[in-house]
Amino acid sequence: NFKKQKKKEIERYWNLRQKGKGNYEDSRIAANIKNKIKSNYKNIIFLHIFRDSPFADIDRSRIFADYISWIEQTLDILKFSKEDWLLRLHPSYKRWGENQHTTLNKIILRNFNGELPKNIRIEDNVNSNYEILKNAKRVVTFNGTSHLEAACFGIKPILISNAMLNLLEKNYVIKPNNLSQYREVLLKKSVSNFFKLNNSKIFMSKKIMYIREKAL
């Protein structure tokens with residue numbers, strides 16, 4: 001049966017991808033990071049390369065113009081969160097010749113007198129994306145590949161700007177229309193069913209990942 005075979009092939013690719021054998025280079029780097037400490041954060045923010053321009057995609061409905069204002073205002077909201085958050089540096093930032101710590105330190109200095117709120121931790125790639133996503137309940141990204149990975153793990157990602165998944169299936173993601181909506185989804189309890197995708201949506205996300213990296 002062709003359908004069954006295709007389903008098997010999609011699941012096989014997803015399993016290979018988790019082992020760092022996917023077709024997309026950044027995903028291989030992110031998957032091959034050796035897990036140094038157990039990650040059990042429920043709330044993850046996946047950072048972008050700051051110097052990579054978000055203006056390649058013009059999305060007039062997005063609520064932040066760039067990565068810096070996104071992180072500044074996100075951190076400003078998260079200080080009111082009753083949960084712990086992980087700020088995950090981009091796995092390829094060094095290859096881009098960028099020191100993300102420097103940029104973050106400037107943001108923290110400007111907004112928090114040099115000290116991040118106690119419920120936020122910066123993680124510099126001590127775990128693979130998969131190790132992090134296994135225990136996550138809520139994932140936030142501007143429009144990175146991690147939104148698709150999160151969906152494959154059954155998490156409905158929070159997106160700022162258009163990305164593959166919401167252009168194909170807009171009810172698979174949470175894309176706030178304004179700042180107060182964004183604030184609401186960040187301060188909601190992470191265990192809420194609001195952030196969960198059902199099995200058919202999970203499979204569809206894996207299928208989109210497969211098509212994007214294998215077929216295109």
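**Close-up views of a predicted model**

**View 1. Asn-125 in the loop between S3 and helix H5.** Asn-125 is placed in the loop that runs between S3 and helix H5 (129–135), in a model that is predicted. Its phi is near 55 degrees, a positive value in a residue other than glycine. Because its relative accessibility is 10%, and buried means under 20%, Asn-125 counts as buried.

**View 2. Asn-113 in the loop between helix H4 and S3.** The loop between helix H4 (100–112) and S3 holds Asn-113, which has a positive phi of about 50 degrees although it is not a glycine. Most residues other than glycine have a negative phi. With a relative accessibility of 75%, Asn-113 counts as exposed.

View 3. Five strands form an open sheet in the order S3-S2-S1-S4-S5, and their pairing is parallel. Strand S3 (120–123) and strand S5 (158–159) are the edge strands, each pairing on one side only. Strand S1 (residues 43–46) pairs with strand S2 (residues 85–88) in the parallel sense over 4 bridges, and Asn-43 stands opposite Trp-85 in S2. Helix H3 (residues 67–78) packs on the sheet, where it touches S1, S2, S3 and strand S4 (138–141), and its direction makes about 165 degrees with that of S1.

**View 4. The crossing of helices H1 and H9.** Helix H1 (residues 2–18) and helix H9 (residues 199–215) have axes that come within 9 Å and cross at roughly 75 degrees; the two helices are therefore roughly perpendicular to each other. Residues of H1 including Tyr-13, Trp-14 and Arg-17 meet residues of H9, among them Phe-203, Met-209 and Tyr-210. By class, this contact has 6 nonpolar, no polar and 9 charged residues.

Terms used:
Residues are numbered from 1 along each chain as its sequence is written. This is a predicted model: local features need pLDDT of at least 70, side-chain atom pairs count only at pLDDT 80 or more; totals for chains, interfaces and linings use all residues. Side-chain values use heavy atoms; hydrogens and water are left out. Axes are lines fitted to C-alpha atoms, for helices over the stretch in contact, and angles run from 0 to 180 degrees between N-to-C directions. Angles under 35 degrees count as roughly parallel, over 145 as roughly antiparallel, 65 to 115 as roughly perpendicular and the rest as oblique. Contact means heavy atoms within 4.5 Å. Ala, Val, Leu, Ile, Met, Phe, Trp, Tyr, Cys and Pro count as nonpolar, Asp, Glu, Lys and Arg as charged, and the others, Gly among them, as polar. Two strands pair if DSSP finds at least two bridges between them. Buried means under 20% relative accessible area, exposed over 50%, partly exposed in between (1.4 Å probe, protein chains only).
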